[in-house]
Amino acid sequence: MRNTAIFIDEVFKEHDPGFDHIECPERVITLGAVLDELKHKNIFIEPSFSAASQETILLNHSLKYIQNVKATSGKIYSALDGDTITSPKSYAAAILAVGALIKGVDLLISGDIDNGFALVRPPGHHAEKDKSMGFCLFNNVALAAHHAIENLGLERILIIDWDVHHGNGTEKSFYESEKVLFVSIHESPLYPGSGNINDFGEGLGKGYTLNIPLPGGQGDIEYANIFNTLIERVVYQYKPQMILVSAGFDAYHGDAMSSMRLSRQGFGYMTRSLLRWADDLCEGRLLVTLEGGYDLTGLRNGVFTMLSELVGTTLDTSFSASIDEAMHCNLRRERTPHPAIERVRDAAKTYWNI
Ligand SMILES: [Zn+2]
């Protein structure tokens, strides 16, 4: 078993966008209920962590925007934009979510953990320097990468974003930087509309953004194929020093936000790939953060499948993943790639040997 950390806190349940909002507290309440069943088994490390400082959040956001979010503290209801609503403790949850990621990076670098999963709300990958977007207040994964680069001196971070929506905020944060390779697999057309196949970055960052927009309806085989024949080849050429994952579960079959068809086997397969890359390239350093995922059963199945793989044992819950070797072999087999994958490969050949 590996030393896998989970980062979870009661405050993440107290960010409440209001009635009928799909990014609801129940998302982490359901995860916490399963974890409570497991607690006595001491499967996971549960590090203490604290809210990120303003100085840290300034690594990715403007002071004016931080102050705007902070000003919502204690207020019953504030709409930062049409989708992103806050409650009295949303700011507290948002800065604690960032703090979880910062602590995770520190513990990976110190070697105190092998990998980790931040089960945080609000999500972050749509948040941009000056604005909230798509339920996101601060960009948690971008701040983790900034911290690793600017405070700890790392020079190559891989961010994999498989939330079904394009991670526009994360992309913008590092669009002109070679220090982050940002890879996004997302449904297209879909919100937020960015993530074009030909958006590869600018300046020093040219080539270090890889967008993989896919039509709806793709499932485990297609995602596995993308990992095996495209992303893996780029990752081994980039040689990251740490892998960060924006793990959304809204590509799960049945999630109302998309028409993708991933099952927990697909999430398990992608996680095993990440673990192998991390072991081969960066001493196993792998930190996952929760983004979207709105079907509560799908979210629970996806998260606990990932956690099973991260820690290296099948978790004894009714939602646990049995690692199905037949499925594994099935996902591994070669088949004709989807034309959308071939289009990405052709476009990316300018930058990578693929
Ligand atoms: Zn999403």
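Predicted model: local features only at pLDDT ≥ 70, side-chain atom pairs only at ≥ 80, totals over all residues.
User: Let's start with Arg345: how many C-beta neighbours does Arg345 have inside 10 Å?
Analyst: Residues are numbered from 1 along each chain as its sequence is written. A residue is buried if 20 or more other C-beta atoms, placed from the backbone, lie within 10 Å of its own, exposed if 12 or fewer, and partly exposed in between. Arg345 counts as partly exposed because its number of C-beta neighbours inside 10 Å is 18.

User: Which residues does Arg345 touch, not counting those up to four places away in sequence?
Analyst: Arg345 sits in helix 11 (residues 339–348); helices here are DSSP runs of H or I with at least four residues, strands are runs of E with at least two, and both are numbered from the N terminus. Two residues are in contact if their C-beta atoms, placed from the backbone, lie within 7 Å. Once residues up to four places away are set aside, Arg345 touches Leu230 and Ile354.

User: How far apart are the C-alpha atoms of Arg345 and Lys64?
Analyst: Along the chain, Arg345 and Lys64 are 281 residues apart.

User: What percentage of contacts between residues at least 6 apart in sequence join residues at least 24 apart?
Analyst: For context, the C-alpha trace spans about 55 × 50 × 40 Å along its principal axes, and buried residues make up 55% of the 354 residues. Among contacts between residues at least 6 apart in sequence, the share joining residues at least 24 apart is 76%.

User: How far apart are the axes of helix 4 and helix 5?
Analyst: Axes are lines fitted to C-alpha atoms over the stretch in contact, with angles running from 0 to 180 degrees between N-to-C directions. Helix 4 and helix 5 (residues 140–151) pack at about 40 degrees and are therefore oblique, since angles under 35 degrees count as roughly parallel, over 145 as roughly antiparallel, 65 to 115 as roughly perpendicular and the rest as oblique. Residues making the contact include Val98 and Leu101 of helix 4, with Ala144 and His147 of helix 5. The distance between the two axes is 9 Å.

User: Is the crossing of helix 1 and helix 9 left-handed or right-handed?
Analyst: Helix 1 (residues 26–38) and helix 9 pack at about 50 degrees with axes 10 Å apart, and among the residues that meet are Leu31 and Val34 in helix 1 and Leu299 and Val303 in helix 9. A crossing is left-handed if the near helix is turned anticlockwise from the far one by less than a right angle, and right-handed if clockwise. The crossing of helix 1 and helix 9 is right-handed.

User: How many other C-beta atoms lie within 10 Å of Gly302?
Analyst: Gly302 lies in helix 9 (residues 296–311). Leaving aside neighbours within four places in sequence, its contacts are Phe249, Tyr252, Arg264, Phe267 and Gly293. Gly302 is buried, because the number of other C-beta atoms within 10 Å is 29.

User: Where is Pro192 found?
Analyst: The peptide bond from Tyr191 to Pro192 is cis, with omega near 0 degrees. Pro192 is placed in the loop between strand 6 (180–187) and strand 7 (209–214).

User: What is phi of Lys239 near?
Analyst: Lys239 belongs to the loop between helix 7 (220–238) and strand 8 (242–247), and it is partly exposed, with 13 other C-beta atoms within 10 Å. Its phi is positive in a residue other than glycine, near 55 degrees.
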